[in-house]
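Please open the structure in your viewer and keep the sequence beside it. The tour below goes from one selection to the next.

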Amino acid sequence: MDDALPSVVEITTEGGLGSGVVYDKQGHIVTNAHVVGEHRRFTVNLADHQQPLQPN
């Protein structure tokens with residue numbers, strides 16, 4: 001459990017809230033399509049609830 005928790009992210013869009021996981025060392029995130037949907041803007045927070053991640 002302690003190994004998995006740091007990879008869990010919270011994704012917030014104008015339409016709601018969902019979750020995902022950090023997939024690789026480059027920071028790619030995998031989530032279900034309905035979490036982001038048609039939204040073009042979203043915020044990603046790590047499980048430790050520190051500052052939101054910034055896009056590269």
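The stops that follow lead from confidence to the sheet, then to single strands and the surface.

This is a predicted model, in which local features need pLDDT of at least 70 and side-chain atom pairs count only at pLDDT 80 or more, while totals for chains, interfaces and linings use all residues. Residues are numbered from 1 along each chain as its sequence is written, and side-chain values use heavy atoms, with hydrogens and water left out.

Begin by colouring the chain by pLDDT, the predictor's confidence in each residue, from 0 to 100. The protein chain averages 83, and 79% of the residues score at least 70. Where pLDDT is low, the predicted coordinates should not be read in detail.

Next, select the strands, which are DSSP runs of E with at least two residues, numbered from the N terminus. Four of them form an open sheet in the order β3-β2-β1-β4, with antiparallel pairing, where two strands pair if DSSP finds at least two bridges between them. Because β3 and β4 (42-46) each have a single partner strand, they stand at the edges, and one side of each is left without a neighbour in the sheet.

Now select β1 (residues 8-13), which six bridges join to the antiparallel β2 and which a hairpin of two linking residues also connects to β2. Thr 12 has Leu 17 in β2 as its bridge partner. Towards β4, β1 pairs in the antiparallel sense over five bridges, and there Ile 11 has Val 44 as its bridge partner.

Stay on β1 and show its side chains. In a regular strand the side chains alternate between the two faces of the sheet. On β1, Val 9, Ile 11 and Thr 13 make up the covered face, whereas Val 8, Glu 10 and Thr 12 make up the uncovered one.

Finally, select Tyr 23, in the loop between β2 (16-22) and β3 (29-31). Is Tyr 23 buried or exposed? Tyr 23 counts as exposed because its relative accessibility is 61%, the classes being buried under 20% relative accessible area, exposed over 50% and partly exposed in between (1.4 Å probe, protein chains only).

Methods. Helix = DSSP H or I, 4+ residues; strand = E, 2+ residues; numbered from the N terminus.
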